Amino acid sequence: MRVVEYALRRDSGGAGEHHGGDGVIREFEALEPLSYSLITERRRHAPPGADGGEHGAPGRNLLDGEELPPKAIGRLEPGQRLRIETPGGGGHGKPG
(Lines give C-alpha, C1' and ligand atoms only; values in the text may rest on other atoms or scores of the structure.)
Protein backbone atom coordinates (compact mmCIF):
# COMPACT_ATOMS: atom_id res chain seq x y z
CA MET A 1 0.00 0.00 0.00
CA ARG A 2 1.21 3.50 -0.83
CA VAL A 3 0.05 6.70 0.86
CA VAL A 4 -0.95 9.07 -1.95
CA GLU A 5 -2.21 11.94 0.21
CA TYR A 6 -2.30 12.78 3.90
CA ALA A 7 -3.54 16.32 4.53
CA LEU A 8 -5.92 18.57 6.41
CA ARG A 9 -9.36 18.82 4.83
CA ARG A 10 -9.37 22.62 4.56
CA ASP A 11 -12.61 24.49 5.31
CA SER A 12 -14.44 21.37 6.52
CA GLY A 13 -15.03 22.84 10.00
CA GLY A 14 -18.28 24.72 10.64
CA ALA A 15 -18.36 28.51 10.89
CA GLY A 16 -18.81 30.13 14.27
CA GLU A 17 -17.29 32.52 16.76
CA HIS A 18 -14.99 29.54 17.31
CA HIS A 19 -14.54 27.76 13.99
CA GLY A 20 -14.88 23.97 13.99
CA GLY A 21 -11.72 21.95 13.42
CA ASP A 22 -10.83 20.66 9.96
CA GLY A 23 -11.03 16.97 9.13
CA VAL A 24 -8.24 14.91 7.56
CA ILE A 25 -7.79 13.39 4.09
CA ARG A 26 -6.05 10.02 3.76
CA GLU A 27 -5.75 8.41 0.33
CA PHE A 28 -4.11 5.05 -0.26
CA GLU A 29 -3.22 3.14 -3.44
CA ALA A 30 -3.07 -0.67 -3.42
CA LEU A 31 0.22 -2.10 -4.68
CA GLU A 32 -0.98 -5.70 -4.20
CA PRO A 33 -4.45 -7.20 -3.73
CA LEU A 34 -5.77 -6.43 -0.25
CA SER A 35 -8.96 -6.34 1.78
CA TYR A 36 -10.37 -3.30 3.55
CA SER A 37 -12.97 -2.70 6.23
CA LEU A 38 -14.48 0.70 7.01
CA ILE A 39 -16.45 1.49 10.15
CA THR A 40 -16.93 5.25 9.96
CA GLU A 41 -19.41 7.78 11.35
CA ARG A 42 -20.75 11.21 10.40
CA ARG A 43 -21.02 10.41 6.70
CA ARG A 44 -24.80 10.87 6.40
CA HIS A 45 -25.29 13.57 9.06
CA ALA A 46 -22.90 16.48 9.53
CA PRO A 47 -21.39 17.11 12.97
CA PRO A 48 -23.68 19.72 14.55
CA GLY A 49 -22.62 23.18 15.61
CA ALA A 50 -23.38 24.51 19.09
CA ASP A 51 -24.79 27.77 20.43
CA GLY A 52 -25.47 29.15 16.93
CA GLY A 53 -22.41 27.65 15.24
CA GLU A 54 -22.75 25.95 11.86
CA HIS A 55 -22.41 22.26 11.13
CA GLY A 56 -19.09 20.80 10.02
CA ALA A 57 -18.83 19.05 6.66
CA PRO A 58 -19.82 15.37 6.70
CA GLY A 59 -17.10 12.83 5.94
CA ARG A 60 -16.77 10.75 2.78
CA ASN A 61 -15.28 7.41 1.77
CA LEU A 62 -14.37 6.97 -1.91
CA LEU A 63 -13.11 4.02 -3.92
CA ASP A 64 -11.66 5.23 -7.23
CA GLY A 65 -13.84 8.34 -6.93
CA GLU A 66 -17.09 6.44 -6.24
CA GLU A 67 -18.70 7.01 -2.85
CA LEU A 68 -18.82 4.08 -0.42
CA PRO A 69 -21.26 3.64 2.47
CA PRO A 70 -20.08 4.52 6.01
CA LYS A 71 -19.67 0.84 6.88
CA ALA A 72 -18.17 -1.24 4.09
CA ILE A 73 -15.88 -4.15 3.38
CA GLY A 74 -14.25 -4.98 0.08
CA ARG A 75 -11.15 -5.78 -1.86
CA LEU A 76 -8.68 -3.51 -3.63
CA GLU A 77 -6.73 -4.61 -6.67
CA PRO A 78 -3.35 -3.09 -7.57
CA GLY A 79 -3.77 0.51 -8.75
CA GLN A 80 -7.11 1.10 -7.00
CA ARG A 81 -7.35 4.00 -4.56
CA LEU A 82 -9.25 4.30 -1.30
CA ARG A 83 -9.81 7.87 -0.05
CA ILE A 84 -11.10 8.66 3.44
CA GLU A 85 -12.18 12.22 4.25
CA THR A 86 -13.01 12.64 7.93
CA PRO A 87 -15.74 15.12 8.95
CA GLY A 88 -15.02 18.64 10.12
CA GLY A 89 -16.07 19.74 13.59
CA GLY A 90 -19.12 21.90 14.23
CA GLY A 91 -18.54 25.57 15.00
CA HIS A 92 -19.40 27.16 18.35
CA GLY A 93 -21.17 30.50 18.73
CA LYS A 94 -22.79 32.64 16.05
CA PRO A 95 -20.48 33.50 13.15
CA GLY A 96 -19.33 37.10 13.29
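This is a predicted model: local features need pLDDT of at least 70, side-chain atom pairs count only at pLDDT 80 or more; totals for chains, interfaces and linings use all residues.
Residues are numbered from 1 along each chain as its sequence is written. Local features need pLDDT of at least 70, side-chain atom pairs count only at pLDDT 80 or more, totals for chains, interfaces and linings use all residues, and side-chain values use heavy atoms, with hydrogens and water left out.

Biologist: What is the order of the strands in the open sheet?
Modeller: Strands (E, at least two residues) are DSSP runs, numbered from the N terminus. Two strands pair if DSSP finds at least two bridges between them. The open sheet has five strands with antiparallel pairing, in the order β1-β2-β7-β4-β5.

Biologist: Which are the edge strands?
Modeller: An edge strand here pairs on one side only. That leaves two names: β1 and β5 (66-67).

Biologist: Over how many bridges do β2 and β7 pair?
Modeller: Strand β2 covers residues 23-29 and strand β7 covers residues 81-85. F28 stands opposite L82 in β7. The two strands pair in the antiparallel sense, and the bridges number five.

Biologist: Which residue in β7 does L62 stand opposite?
Modeller: β4 and β7 pair in the antiparallel sense over four bridges. In that setting, L62 stands opposite R83.

Biologist: How many residues of β7 are buried?
Modeller: Buried means under 20% relative accessible area, exposed over 50%, partly exposed in between (1.4 Å probe, protein chains only). β7 is mostly covered. Of its five residues, the buried ones number four.

Biologist: Is R9 buried or exposed?
Modeller: R9 lies in strand β1 (residues 2-9). Its relative accessibility is 13%, so R9 counts as buried.

Biologist: Which residue's backbone oxygen does the side chain of R9 reach?
Modeller: Contact means heavy atoms within 4.5 Å. Not counting residues up to four places away in sequence, R9 touches several residues, including D22, A57 and E85. At 3.0 Å, the side chain of R9 reaches the backbone oxygen of P58.

Biologist: Is D11 buried or exposed?
Modeller: D11 is found in the loop between β1 and β2. It has a positive phi of about 65° although it is not a glycine. Its relative accessibility is 69%, so D11 counts as exposed.

Biologist: What is the phi of R42?
Modeller: R42 lies in the loop between β3 (34-39) and β4 (60-63). R42 is partly exposed, with a relative accessible area of 40%. R42 is not a glycine, yet its phi is positive, at about 60°.

Definitions and conventions:
A polar contact is a pair of N or O atoms within 3.5 Å; within protein, one must be able to donate a hydrogen and the other to accept it, and residues adjacent in sequence count only if both atoms are side-chain atoms.
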